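This report describes the fold, the annotated site and selected residues of one protein chain. The sequence and the structure are shown below.

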Amino acid sequence: MPEDDLLQRLRRFHDDAFPTQRSLFRHLVDDGQHPTTLFIGCSDSRIVPYLLTGAGPGELFLVRNVGAFVPPHDQSQGFHGTAAAIEFAVLNLNVQRIVVCGHTHCGAIRALYGEVPASATNLRAWLELGREATLPVADPGPEALRRTEQRAIVLQLERLMDYPMVRERVEAGVLSLHGWHYVIEDGEIHVFDIQRGGFVPAGLADNAGTGPYRFSEGFGAEGIQEPV
Ligand SMILES: [Zn+2]
């Protein structure tokens, strides 16, 4: 996209799109934001949370990173924006839902089986947050990659439960966790349903995903363990 084109888009937003939602934004400024959902999604450009959920301004608190990963709460990874956003969303915004949204053809998941440029030291360390989800195959095909993507989502949900403020609220029944796997080519989210033991297309699901979860090495093969 040429630079001038980007400027054109900014002007178009201000001149054409903003006026149609002016009062909504005024309300969100005067009243503050009260989003009910924390959406942790992969940075992949093909995931468009507002399109997927039909949400508008003020409804989603967004965190996006490579792989839709959740770092450990013990701060062993050093400074971390995703961990800070989780704490803020739960403690300050009192969100009622946390969605972890991965997807098909995820470059982060594929990179777990391949090479990362030597100079990408932060990326190399970050990808370790998905390592436990990998399968013992050297050259994974599409099915193994899809299973790894799904296992990675469940792994992040389990790691969320290590955040004391998340666990406390999930156990009190005021916060729910949702694992979503977006199948880009079908335009359909598959939601993780612990009762059914796997990911279910939204068209066939009877809920938007259930939690909390306990990750299992056997997930996707021998099933998953009982809920916490
Ligand atoms: Zn991705």
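Two residues are in contact if their C-beta atoms, placed from the backbone, lie within 7 Å. Among contacts in the chain between residues at least 6 apart in sequence, 61% join residues at least 24 apart. The model under discussion is predicted.

## Overall architecture

The chain contains 8 helices and 6 strands. Read from the N terminus, its elements follow the order α-α-β-α-β-α-β-α-α-α-α-β-β-β. The chain has 228 residues, of which 32% are buried.

## Annotated binding site

An unreviewed UniProt entry places the feature "binding site" at C42, D44, H103 and C106. These positions span 65 residues in sequence, yet no two of their C-alpha atoms are more than 8.7 Å apart, so they gather at one spot.

H103 belongs to strand β3, which covers residues 97-103. A residue is buried if 20 or more other C-beta atoms lie within 10 Å of its own; H103 has 22 such atoms and is therefore buried. Residues up to four places away in sequence being left out, H103 touches C42, D44, I47, E149, H181, Y182 and I184.

C106 is found in the loop between β3 and α5, the latter comprising residues 107-111. With 27 other C-beta atoms within 10 Å, C106 is also buried. Under the same exclusion of residues up to four places away, C106 touches C42, D44, G67 and E149.

In soluble globular proteins, nonpolar side chains tend to be buried together. The largest nonpolar core in this chain has 45 residues, and those with the most contacts inside it are L38, I40, I98, V100, C101 and L160. Helix α7, residues 142-160, gives the most to this core, contributing 6 residues.

Which residues does L38 touch, not counting residues up to four places away in sequence? The contacts of L38 are F61, V63, I86, A89, V95 and I98. One of these, I98, is itself listed with L38 among the residues with the most contacts inside the core.

## Backbone with positive phi

Most residues other than glycine have a negative phi. A68 has a positive phi, near 60°, and is not a glycine. A68 is located in the loop between β2 (60-65) and α4 (81-91). Is A68 buried or exposed? A68 counts as buried because 32 C-beta neighbours lie inside 10 Å.

N94, likewise not a glycine, has a positive phi of about 55°. The position of N94 is in the loop between α4 and β3. Because N94 has 13 C-beta neighbours inside 10 Å, N94 counts as partly exposed.

## Surroundings of H190

H190 is part of strand β5, which spans residues 188-193. With 25 C-beta neighbours inside 10 Å, H190 counts as buried. Its neighbours within four places in sequence aside, H190 is in contact with H181, V183, F199, V200, P201 and A202.

The C-alpha atoms of H190 and G203 are separated by 8.5 Å, and these two residues are 13 residues apart along the chain.

Conventions: Residues numbered from 1 in each chain as written. Predicted model: local features only at pLDDT ≥ 70, side-chain atom pairs only at ≥ 80, totals over all residues. UniProt positions renumbered as here; feature names shortened; annotations may be inferred. Helix = DSSP H or I, 4+ residues; strand = E, 2+ residues; numbered from the N terminus. Buried ≥ 20, exposed ≤ 12 C-beta atoms within 10 Å, placed from the backbone. Core = buried A, V, L, I, M, F, W, Y, C linked by C-beta atoms within 7 Å.
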